[in-house]
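Subject: Structure handover

Hi,

Here is the structure I promised to pass on. Please open it next to this email.

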Number of protein chains: 2
Amino acid sequence: MPKPTFFNLNEGKRQILIGAAKKEFSRVSLYEASISNILKSAGIPRGSFYQYFEDKEDAFFYLLNEHTQERHEKFLNNLKTYNGDIFEAVTEIFHHTLNRSHTEGQNNFIKNVLLNMNYKIEKAFTKFLSKEELSKRYDEVYELVDWKSLNITNENQLYHVMQILSAVTFHNLVHSVSNQLSIEDAVSKYKLEINLLKTGLSKK
Amino acid sequence: MPKPTFFNLNEGKRQILIGAAKKEFSRVSLYEASISNILKSAGIPRGSFYQYFEDKEDAFFYLLNEHTQERHEKFLNNLKTYNGDIFEAVTEIFHHTLNRSHTEGQNNFIKNVLLNMNYKIEKAFTKFLSKEELSKRYDEVYELVDWKSLNITNENQLYHVMQILSAVTFHNLVHSVSNQLSIEDAVSKYKLEINLLKTGLSKK
DNA sequence: TTGACATATGACACCGTGTCATCTATAGTA
DNA sequence: TACTATAGATGACACGGTGTCATATGTCAA
């Protein structure tokens, strides 16, 4: 978490900082990013950066968490829109995230996040799908899901369904971005795999 | 790829180098690893390292590829042993890989690989599951698989089945290691999800 | 005005990387 | 043996990035 000093900053300066960080993390991955570039870009002295953030990662995960939050809201909305159809909801998220990562400019951030998705980043990216978060927000998620259509008998199995969906979704996101698939190709591959997931890999 | 000089080295010195690199990559991730530590540990001067490798990544991926090769052989053997049952084969690999990453010592290498699995590393890790490799080695893989038991009608769909299995498998590997699950818990979670995959997430 | 506290600043020590000029070893040739 | 060409070994060095710290500046209340 950024230090209190960061949140005490006036809106303008905070936005400049956020912009500069986003710019650098859009250029390269977290590990290749340099604080020095953020400093130059934001026009602040070195010491100030450490007044606001612990380090590079601190700034990075602050940005990432904001994005994750947004995506989660969207997911909940999708569940409502699609009457609890978790597959439709997740496909929409896939499409939306790919779209953002295809938009050039500042949002290359998402592309770099996807290309360098390690467990720590994935954890932050899928924070709301963890066992703890899911049970904490039982009402929000579990209750929105259309259980009847799923091949499960209890709450625990829904957790595993989510795990599988998130694994396949993020695998496809990363695969699409790293192999530079067109959005159409990516979505068509993804839908094919989601369908396989729905009907099952084994013959009856 | 390491430079020719590396392969011209006598067995002894090459093993010392490999050992030193493995030691460093077992300590921390690729990005945190320092060449300086490898130098100290191998007792070679700085310039020599660059005589053998392009850079850190070069050494890392050399080690990783060796491991991937081994795992692939194992997978093919498993397919034979289990009469083409791809789920059994993959479960065995899961178990085996977790076992290796639980063994302390040099093989913390695998643990660090799993914890920092980004697309580049995943690509190297699952090299033999890419579309190109699969079609190149059609005989080896496709022919070993028991098609009858799978819910698919063509070769292309087998590719997607493999993609799904690899996504879920690696997600579980990373999840198990990062959440420090016991091998039993990890395997039981994995088997549960594999079963969901087999029967399908949707109700008939 | 003064003191107490929060914030800002940039010089600096430290560390890791990759390069390069130079040295050494080896092997082929006359 | 002496000469030469080629491969390999070496470590000093320039460069760039990080995080810290002593010092400067600003703010607010008494």
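Predicted model: local features only at pLDDT ≥ 70, side-chain atom pairs only at ≥ 80, totals over all residues.

**Chain A overall**

Chain A has twelve helices and zero strands. The order of elements from the N terminus is therefore plain to read off: α-α-α-α-α-α-α-α-α-α-α-α. Along the principal axes, the C-alpha atoms of chain A fill a box of roughly 65 × 35 × 25 Å. The chain has 204 residues, and 33% of them are buried. Take the contacts in chain A with a separation of 6 or more: 65% of these join residues 24 or more positions apart.

**Inside chain A**

Start with helix α7(A), residues 108–115. Seven of its eight residues are buried, so this helix is largely enclosed by the rest of the structure. The buried ones are Asn108(A), Phe109(A), Ile110(A), Lys111(A), Asn112(A), Val113(A) and Leu114(A). What covers them includes α2 (11–27), α5 (56–81), α6, α8 (119–125) and α11 of chain A.

Helix α6(A) spans residues 86–102 and helix α11(A) spans residues 155–178. Their axes are 11 Å apart, at an angle of about 25 degrees. Angles under 35 degrees count as roughly parallel, and that makes α6(A) roughly parallel to α11(A). The crossing of the two is right-handed. On the α6(A) side, the contact uses Ile86(A), Val90(A), Phe94(A), Thr97(A), Leu98(A) and Ser101(A). On the α11(A) side, it uses Leu165(A), Thr169(A), Asn172(A), Leu173(A), Ser176(A) and Val177(A). By class, that contact has seven nonpolar residues, five polar and no charged.

**Between the chains**

The contact between the chains takes 28 residues from chain A and 28 residues from chain B. On the chain B side, α11 (155–178) and α12 (183–199) each supply at least two residues. Helix α11(B) gives the most, with nine residues. The chain B side that touches chain A divides into 14 nonpolar, eleven polar and three charged residues.

From α11(A) come His160(A), Val161(A), Gln163(A) and Ile164(A). They meet Leu192(B), Glu193(B), Leu196(B) and Leu197(B) of α12(B). The classes here are five nonpolar, two polar and one charged.

**The DNA**

DNA strand C is surrounded by 17 residues. The closest are Asn8(A), Pro45(A), Gly47(A), Ile35(B) and Tyr50(B). Four elements each supply at least two residues of this surface: α1 (4–8) and α4 (46–52) of chain A, and α3 (35–42) and α4 (46–52) of chain B. Helix α4(A) gives the most, with four residues. The surface near DNA strand C has five nonpolar, eight polar and four charged residues.

DNA strand D has 17 residues around it, and the closest are Ile35(A), Tyr50(A), Asn8(B), Pro45(B) and Gly47(B). The elements giving two or more residues are α3 (35–42) and α4 of chain A, together with α1 (4–8) and α4 of chain B. Helix α4(B) gives the most to the surface near DNA strand D, with four residues. That surface divides into five nonpolar, eight polar and four charged residues.

**Two backbone points**

Which residues have a positive phi although they are not glycines? Asn83(A) is one of them, at about 50 degrees. Asn83(A) lies in the loop between α5 and α6 of chain A. It is exposed, with 11 other C-beta atoms within 10 Å.

Gln180(B) is another, with a positive phi of about 50 degrees. Gln180(B) sits in the loop between α11 and α12 of chain B. With 9 C-beta neighbours inside 10 Å, Gln180(B) counts as exposed.

Best wishes

Definitions and conventions: Residues numbered from 1 in each chain as written. Chains lettered and ligands numbered in written order. Axes fitted to C-alpha atoms, helices over the stretch in contact; angles between N-to-C directions. Parallel < 35°, antiparallel > 145°, perpendicular 65-115°, else oblique. Left-handed = near helix turned anticlockwise from the far one by under 90°. Contact = placed C-beta atoms within 7 Å. Nonpolar A, V, L, I, M, F, W, Y, C, P; charged D, E, K, R; others polar. Near = placed C-beta within 6 Å. Buried ≥ 20, exposed ≤ 12 C-beta atoms within 10 Å, placed from the backbone.
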